[in-house]
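I opened a new notebook page for this model.

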Amino acid sequence: MITAFHLAESLEEALEYRRKGYDYLAGGTQVNNGAFHEWTKKSTKHWDGDSVKVVSLESLDLQGISREGKQVHIGSLTRLQDIADSEDLSPALRKAAGFIPTRNIRNLATIGGNIGANRRDSYIIPTLMAYGARLECLDEQGAKVLVSCEDYVSQEMKHLILKVRIPDITIPCVTVKESRSQLALAVVSASVGLVVEKGILKEARVAAGCVSKHVIRLTALERALEMGREGYEEVLSTSISPNGDILGSTEYKRYINSVVIADAVRACKEEAAL
Amino acid sequence: VKIQFILNGKSVEHEVLPAESAQVVLQRMGIHSVRNSDDSFGFAGSDTILLDGRTVGANILLAAQLQGRKVETVESLKNGRELGIIQQSMLDAGCVQSGYNSPAAALMIHDLLKRNPRPEKKDIEDALSSMFNRSNGYRQFFDAVALAAARLEDSGKKVDTVPSYAKNLELIGKPKVKKDAQRMVAGEAVFVEDRRTVNSCVLRVLRSPHAHAWIKSIDTSAAEAVDGVVAVFTHKDVPQKVYSQAGQGFPEPSPYDRMLISRKVRHVGDRVAAVVAENDAAAAQALDAIKVEYDVLDPVLDWDAAQAEGAVLVHNGEIEYIAGAPEDLKAINKDTDRQEEPVLYQFPIGGDPRKNIAASVSGGIGDLEKGFKEADAVVERTFETTQIQCTPLEKHTSLARVEGDRLIIHASTQVPYHLRRIVATLLDLPENKVRVIKERVGGGYGSKQDILIDDLVAFAAWKTGREVYQQYTRKEEFIGCSTRKPMRITVKLGAKKDGKLTGMYMKVESNQGAYGAHALTVPMNGVSKSLPLFLCENSAFDVIAYYSNRPPTGAYQGYGAPKANYALQVAAKELAEAIGMEHYEFVEKNRVREGSMLEILKILGEGREGKAAPAESCGLGECMKQGAEMIEWGKKVESSDPNIKIGKGFATIQQGSGLPGLDMANATLKMLGDGSFVLQSGGADIGTGLDLVCAKMAAEVLKIDMELIHVDSGDTDIAPFDTGAYASSGTYFSGGAARNAALKMVEKIKKEAAAILECKAEELEILPGGIVKGGSAGKKKQEMSFQKLAWHTQSGEGSGQIVATASFTTEHFSFPYGAHFAQVAVNTRTGKVTVQKYYALQDAGIPVNPEYALGQVYGGVVKSIGHSLYEEMKFDTAGRCLTTDLRSYGVPMIGDIPEDFEARLIETDDPYGPFGAKSIAEISVNGAAAALANAIHDATGLWLRSWPFSPQKILEELGTIKAQRR
C-alpha cells in the first residue's frame with residue numbers, strides 16, 4: 001500500500017526522497033499494479049509491497065528520443081508507446097515495446113520504469129541487452145554512473161535511470177515473444193543482436209526473460225554462435241532452467257524457449273546475411 | 001495530498017490519499033463512467049480515461065499522479081443530451097450490450113480517430129487492445145469504427161452492416177437501438193455501484209485459506225473494536241437454516257446445503273466472517289484483526305477422490321427431504337455429524353451426500369445393448385473439461401438498505417424474483433417486505449443467476465439498519481463466486497457402415513464444488529442439449545454430480561451443453577472415421593430435422609417429468625449448408641510453412657427456449673392519458689436487449705411507434721413475476737408475455753372503443769398510428785385515436801384506465817439450432833493454435849433484434865474460443881486457485897478473435913415463439929470446443945479430449961515433449 005507520495009521538482013529532490021526511503025515512480029504501471037504486487041511478493045525482495053513511499057519523477061525533463069547516426073539516446077521517462085511509434089528506432093526495439101499487450105499500459109509505462117521494475121518477463125530488457133545498451137544513472141549520492149543493462153538488472157540496482165544509450169541501433173536484431181493469447185503472460189521473451197563487421201560476426205548478444213529470476217544473457221548460445229556452431233536448440237535446452245508454473249511445465253518452457261529463440265537466432269543471422 | 005488538474009475542460013482541486021487510484025477519486029467526483037473491473041491489474045479497460053490526450057487506465061494510476069494533468073472522460077464526448085458521433089456509431093453497430101465499459105471503448109475510438117481518421121484493421125485492434133469485452137465478442141467494434149470514421153467525413157452516413165429479417169413485420173427483425181445502451185455509452189449512473197450514498201457502509205468477507213476445515217474458534221473482539229466498524233458477523237450470528245443460492249424456480253432441483261456463514265468451511269474462499277464498516281480501510285483493518293483457529297480436514301478435489309472408498313465427506317450433515325424421502329432415510333442418517341448443517345432436498349434428485357453425490361439421474365430409450373450389437377463400429381471416448389469463470393466486467397455488486405419495515409435491494413441480478421424469495425425466506429420475512437430493484441447488469445452469463453452476494457448484504461443491512469454495499473474484488477470472482485462445472489464425459493456411439501447411428505450413450509460426471517447449486521440440471525442439460533441433435537432409437541445416459549472442496553460451481557451460459565456437446569461432436573467425428581464416412585455426410589445423415597419427434601426428451605425432464613416433443617422449426621440443415629459453402633468444406637488448405645498445419649472442423653449445436661412447464665413470465669401494459677403506454681415486464685434485461693424485445697412485441701401488436709412504449713422492468717414492486725433471465729427464456733417467455741399483454745390490450749381497446757363508437761368490438765380493427773377503426777354494417781366507418789380513447793376511459797365518466805396483464809407459459813419446446821465451422825492453423829513447432837476462420841450459423845427463428853442477436857453470437861463464440869484455448873482456473877494440491885486475475889486466467893481480447901469471423905442468422909418461423917422467435921444467445925457457446933477440436937484433428941491427426949487446447953498439450957500430444965501428469 002502506498003503511504004506517501006511526493007512529486008519531485010528536480011533530480012536533487014528525487015534523490016533526497018530516495019535517501020529517505022522513497023521508491024521512484026515513473027509511469028506507475030508497475031508500482032500501482034495489483035499483479036505486480038502479487039508477483040513481487042512471491043518472487044523477489046526487490047519490492048516491499050505492503051508499505052511503500054513513492055517519489056514521482058513525472059515533472060523531470062527525462063523524456064525524448066534522439067538519434068545521431070547509429071547512436072540513440074532514450075530518456076528514461078519516454079513512454080513505451082512513443083518507442084513503439086518512433087521512426088528513429090529499429091523495428092526490433094519498436095516491436096519489443098509493442099509486445100506490451102495493451103495500448104493503455106504502453107501509454108503510461110516508461111522505458112526507465114520497465115527496467116527499474118526488473119520483471120523477469122520484461123520485453124524491453126532483452127532487446128536493450130541485445131543492443132548492448134548502457135544506462136546513464138544517478139546513484140543515491142547523486143554521482144553520474146554509466147552501467148550496462150545486464151549489471152543494472154542482475155545486481156538489482158536502484159539507481160535513478162536518466163537515459164538509455166544504445167551505441168548502434170542499426171545492428172541486426174530480432175526480438176521474440178511467445179504467449180498463449182494477446183493478454184497472457186509470456187513464456188518466451190528474448191532478443192538476439194549480432195555485431196557484424198565486413199560480413200564477419202564479431203559479437204553475439206542473446207538475452208532472454210522468462211527462464212530465470214531476471215532477464216539474462218544466454219552466454220552458452222552466444223559462444224556457440226561466435227564459434228560458428230549450429231544446434232542452437234540443444235545448446236539452449238541444456239543451458240536454461242525455467243521453472244514450471246501456471247504458464248506451463250518446466251519441460252514445456254525449456255522446449256518452447258529453445259525453439260523460439262533458436263528460430264530468432266536464425267532470423268537474425270539471415271538479417272545479418274551470415 | 002492535494003491535487004489540481006483539468007477535468008473535462010474545468011480546473012478542479014481534490015484532496016486524495018497517497019494510495020488512492022485515479023479511478024476511485026474520479027468516481028468520488030461524480031464521474032460514473034470510469035469503472036473498476038480488475039482492481040488495478042490494468043487489463044480490463046473499464047477504467048479508461050484520456051490523460052493529456054492519451055488513453056490510460058485510471059485504476060493503475062495514482063490519483064496523485066493527476067497533478068497538473070489534463071483528464072478527459074466520456075462525459076466530454078457529448079453535447080448536452082446529444083451523444084457524440086462515436087457513441088452513436090457504437091449504438092448503431094450494436095456494440096453496446098451489457099455496456100459496463102462502453103464509455104471506455106468510446107474514448108479509445110475517439111483517441112484512434114483523432115490520431116488516424118482512416119484506420120485499418122490492425123489500427124483498430126491496437127486502439128481497442130486495452131478493452132476486455134465479454135458480451136459481444138469485439139467483432140462489431142470494427143463496424144462501429146468504420147461507421148464513425150465515415151460519419152466524421154459525412155454525418156449522414158447510414159449503418160449498412162446490420163441485416164433485417166421478417167419482411168412481413170414492421171418492427172420485429174429490424175435494427176433499433178435499445179434505450180439502456182444510450183445511457184450506458186453516455187456514462188450515466190445505471191449500475192448498482194452508482195446507487196451508493198455517502199452514508200453507506202462497506203461489507204467485506206474474511207475467506208477461508210483452507211479447502212476443508214472446521215472453525216475451532218473465532219475471536220472478533222479486536223475487529224469489533226476497530227474505529228469505524230459497525231458489525232462483525234460469524235456463523236454464530238446468522239440464521240440457523242440451510243438454503244441454496246441457485247436462482248431456480250421453487251422448489252429447486254438443487255440441495256439446500258449451505259448456511260449464510262457456516263462453522264465448516266468447504267473451499268478456499270468460503271465465508272468465515274463478514275465485517276460491516278464505515279469505510280474500506282476500517283473493514284480491511286477489522287478483517288486482519290479477526291483471529292481464527294481451524295481444524296483442517298483433508299480436501300476432496302476431484303471426482304475420483306470424491307467417489308473413492310472411504311472418501312472424506314464434504315457434507316456430512318443429516319439428510320432431509322421436503323417431499324419424497326426414501327424409506328431408509330433413518331438408516332442413511334445413522335452416522336451423520338449433528339454439528340454439521342443438514343442437506344435438505346425439496347424432492348429426490350438422486351443425491352447421496354454420504355457418497356459425496358449431490359445429485360444423479362439415469363435414463364434411456366430403446367435397447368442400447370441391441371443398438372451397439374447392430375453397429376459395425378463402436379467408439380467409446382472420455383473427455384474432460386476444466387473449471388472456468390464467467391468473468392463479467394461488472395463484478396458482483398449489491399446494495400441493500402432498510403426503509404421502515406422493508407428491505408430494499410439494488411441488485412445486479414438475472415433473477416430479481418428468485419432473489420426476493422430467497423432473501424425473504426432466509427430472513428423470515430414475507431416477500432412483500434422485500435423489494436428488489438434490478439439495475440443495469442454489466443454482464444451476467446449465468447453467474448448472476450445465483451444469489452451469491454445479495455444474501456449476505458441483505459442480512460447485514462437488515463441486522464444493522466444501515467445501507468450496506470459490497471462489490472467483489474476480481475479475486476473473489478474466482479474463489480467466492482460461481483463457475484462452470486468441470487466435467488468428465490464418456491461417450492459411446494455405434495453406427496452401421498451406411499452411417500446410421502444405432503446406439504448413443506453418455507455418462508457425465510461433474511465436479512460440483514463445495515455446494516450443490518444446479519447439481520442435477522447442469523450435467524443433465526449437457527445430455528438434453530446434445531444427444532437430441534442426432535436421431536437414434538437407442539440412447540441412454542448417466543449423470544452424477546460429485547461434491548468436492550473446489551470453489552462452488554453453478555450456471556454459466558450454455559449450462560451443461562458446451563461440455564457434453566464437445567464430447568459428443570468429437571466422438572461423432574471419430575465414429576465417422578471408424579466407419580469410413582465423411583464427417584459432414586455422417587452428421588447430415590443422422591441429424592435432427594424439422595418435424596423430427598425427439599423421443600429422447602421423454603427421459604430428459606430437467607427437474608420434471610419429460611415427454612417426447614417434435615422439433616417444430618429447425619434450420620439446422622440450412623446452417624450446415626451455408627457454413628460448408630462459406631468455409632469451402634472439403635477443400636484442403638496448405639501452408640507454405642512446413643510447421644503450420646491447417647485444418648477445418650465443424651459442430652452442430654442446439655439449446656432450448658426456456659423451460660416449458662417450469663418457466664413463467666408476466667407483463668402488464670398500461671395505456672396512459674395520451675394513448676402512449678408503459679409496459680411493466682417481469683423480464684430481467686441483463687444487457688441483451690430484452691426490454692427492446694418486449695417493446696417491439698407490444699408495439700408490433702398495437703401497430704404504434706416504439707417511442708410510444710416505455711418498458712419498466714426489473715423492479716419487483718412494479719412489474720409482475722417472471723422466473724428470470726436464464727435457460728434461454730427471455731425472448732420466448734418474457735417476450736411472449738409482453739406480446740400476450742398487448743394482444744389483451746387490443747381486445748380491451750376494441751371493447752372500450754366499441755362502446756363509444758356504438759358498434760361491436762369484432763367489427764373494429766387497429767390501424768397503424770394508434771387508430772381504432774370500424775363500425776356497424778351500413779354505417780360509415782368511424783375511427784378513434786388511442787389518445788381520444790384514453791381520454792374517454794380515464795375521464796370522470798370513463799370505465800377506468802385500460803390495463804392488460806398477461807402471462808406466458810407453454811408446454812411447447814422451441815429449439816434453436818446452429819452449425820459452427822472453424823479453420824485453424826496449428827504450429828506444430830510451438831503448439832500454438834490460430835483460429836483463421838470462424839463462421840457461426842444459427843437458427844433463432846425470427847431474430848427480433850438483429851444487431852444484438854448477432855453480437856450475442858459473436859460474444860458466445862469468443863467466450864467459447866477462450867474456454868477452448870486459453871481460459872483455465874488452475875489449482876494447487878491444497879485446492880487454492882492460482883489464477884485469480886483476468887490475465888493469468890486467460891480471457892480472450894480483440895487480438896485473439898478469428899482472422900475471418902462471421903455470424904449469420906438463418907431465419908425460420910417457430911410456431912410457438914412470439915412472432916416466430918426462438919432464443920439466440922446461450923446456444924452460441926456450444927460449438928467452438930468441438931469445431932476447433934475437429935479442425936485440429938483435420939490439421940494434425942490429433943484427437944484432443946480435454947480442453948483447453950493449450951500449446952503444451954498439443955506438443956505433448958504430438959510427442960514433442962513428455963506429457964505431464966494432470
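Below are my entries, one topic at a time.

**Ground rules.** I am working with a predicted model, where local features need pLDDT of at least 70, side-chain atom pairs count only at pLDDT 80 or more, and totals for chains, interfaces and linings use all residues. Residues are numbered from 1 along each chain as its sequence is written, chains are lettered from A and ligands numbered from 1 in the order in which they are written, and side-chain values use heavy atoms, with hydrogens and water left out.

**Chain B against chain A.** I looked up the interface first. I found 55 residues of chain B in contact with 52 residues of chain A (contact means heavy atoms within 4.5 Å). The two chains bury about 4,300 Å² between them, and carbon and sulfur atoms give 54% of that. Buried area is the accessible area (1.4 Å probe) that two parts lose on being put together, summed over both.

**Salt bridges.** How many salt bridges cross the interface of chain B and chain A? The rule finds 8 (a side-chain nitrogen of Lys or Arg within 4 Å of a carboxyl oxygen of Asp or Glu). I noted E872(B) with R180(A), whose closest N and O atoms are 3.5 Å apart. Over all chains the count is 76. I also noted K121(B) with E125(B), at 3.8 Å between the closest N and O atoms. Both residues sit in helix 4 (residues 121–127) of chain B, 4 residues apart, about one turn of the helix. Helices are DSSP runs (H or I, at least four residues), numbered from the N terminus.

**Helices 2 and 5 of chain B.** Helix 2 (residues 85–92) of chain B packs on helix 5 (residues 139–153) of chain B at about 135°, with axes 8 Å apart. Axes are lines fitted to C-alpha atoms over the stretch in contact, and angles run from 0 to 180 degrees between N-to-C directions. That angle makes helix 2 of chain B oblique to helix 5 of chain B (under 35 degrees is roughly parallel, over 145 roughly antiparallel, 65 to 115 roughly perpendicular, the rest oblique). The contact includes I85(B) and M90(B) of helix 2 of chain B, and F141(B) and L147(B) of helix 5 of chain B.

**Helices 15 and 16 of chain B.** The axes of helix 15 (residues 521–528) of chain B and helix 16 (residues 561–578) of chain B come within 7 Å and cross at roughly 40°. V522(B), N525(B), G526(B) and V527(B) of helix 15 of chain B meet A561(B), K563(B) and A564(B) of helix 16 of chain B.

Methods
Helix = DSSP H or I, 4+ residues; strand = E, 2+ residues; numbered from the N terminus.
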